[in-house]
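Here is a friendly note to read alongside the model. Please have a look at the structure first, and then go through the points in order.

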Amino acid sequence: MVSKDLKRWKVFAHIVMIILSLCALLPFVLLIIASFTDETVALLNGYSYFPEKWSLDAYRYIWTNASTFLRAYGVTIIVTLIGTAVSIIITSLTAYVLSKRQLPGVKILNLYVIFTMLFNGGLVPTYINYVTVFNIKDTLLALIVPNLLMNAFMIMLVRNYFEHSIPEEIYESARIDGASEIRIFLTIVMPLSVPILATVGLMSGIAYWNDWQNSLYYIDDKALYSIQAVLNSINEGVSALASLGGSSSVSAADLPSTTIRMAVAVVGILPILIIYPIFQKYFAKGIMAGSVKG
């Protein structure tokens, strides 16, 4: 029988979690409401959960410049899909090697990966390498490659999962049956690692989708702007939207400059809000399993 103290504790825990959930949810609700708020009301009274007047002006303006946003969406989707897939492959292959503690030199490799989590070459040397050595400026690779080389944390998560969530007996049994390491990895390790791979995929996908810094550093061609780069340009000045290829004849003075930022933000985060709940169960399980210390 459940004790009264345990019942009180459960009630208290639920109250705390509800409050924390509301704290995480309310900013998104305010963002959506602000995007439907009349521009004049937003300027006079600021953003509110109960605006005095509603308006679709911001979304109408986005609709008149649909080509700009559709192009940015296309760039973002391509970069996210390719970057996430390659990131999963690189991360899982590297983690599998690092999980083999008996492999000669694996301690040095682990130390090397951990070192990259703590230190990097800095922005200027990184920029010079990507622009002059790899020559990826103004290409889609500029939006993909930099993030691929900064996933040491996820490598550690996957490595710990391989070590502690897949019994060593499975590896030994496969080797006795004559399976090679490649076959073990593809037919045993990968199918058993869906939770952690889904976690890595979700984290990588969100990072690629929300990335705007690589566009800022390496992209001058506005045709290659991602949706977040477009939003960043609009934040710097709504009139900059005209330079992104918009076809609207509305003058900068007539633009809903305050609410259009909110509308573009809603358009930018909508796919993430839809996809995240689908992978949430894998995310929680993968983080817990991959965070076990070895």
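1. A word on confidence comes first: pLDDT is the predictor's confidence in each residue, from 0 to 100. This is a predicted model, so local features need pLDDT of at least 70 and side-chain atom pairs count only at pLDDT 80 or more, while totals for chains, interfaces and linings use all residues. Residues are numbered from 1 along each chain as its sequence is written, and side-chain values use heavy atoms, leaving out hydrogens and water.

2. Across the protein, pLDDT averages 81, and 85% of the residues score at least 70. Helices here are DSSP runs (H or I, at least four residues), numbered from the N terminus, and strands are runs of E of at least two. Among the elements, α4 has the highest mean pLDDT (90) and helix α14 (residues 257-290) the lowest (71).

3. Two stretches call for care. Residues 290-294 stay under 50 in pLDDT, and the model gives them 13 contacts beyond four places in sequence; a contact means heavy atoms within 4.5 Å. Residues 247-253 also stay under 50, with eight such contacts. Where pLDDT is low, the predicted coordinates should not be read in detail.

4. The unreviewed UniProt entry annotates "transmembrane region" at residues 12-36, 72-97, 109-128, 140-162, 183-209 and 260-279. Such annotations may be inferred rather than shown by experiment. In the model, residues 72-97 are 100% helix and 0% strand, with end C-alpha atoms 37 Å apart. Residues 109-128 are 80% helix and 0% strand, and there the end C-alpha atoms are 26 Å apart.

5. How do α4 (residues 66-98) and α7 (residues 141-148) cross? Their axes, lines fitted to C-alpha atoms over the stretch in contact, come within 9 Å and cross at roughly 30°. That makes α4 roughly parallel to α7, a term for angles under 35 degrees. Val75, Val79 and Ile82 are among the α4 residues that meet Leu143, Ile144 and Leu148 in α7. By class, this contact has eight nonpolar, two polar and no charged residues; Ala, Val, Leu, Ile, Met, Phe, Trp, Tyr, Cys and Pro count as nonpolar, Asp, Glu, Lys and Arg as charged, and the others as polar.

6. The axes of α4 and helix α11 (residues 194-210) come within 8 Å and cross at roughly 145°. On the α4 side, the residues in contact include Tyr73, Thr76 and Gly83, and on the α11 side they include Leu197, Gly201 and Trp209. The residues of this contact divide into eight nonpolar, ten polar and no charged.

Key: Axes fitted to C-alpha atoms, helices over the stretch in contact; angles between N-to-C directions. Parallel < 35°, antiparallel > 145°, perpendicular 65-115°, else oblique.
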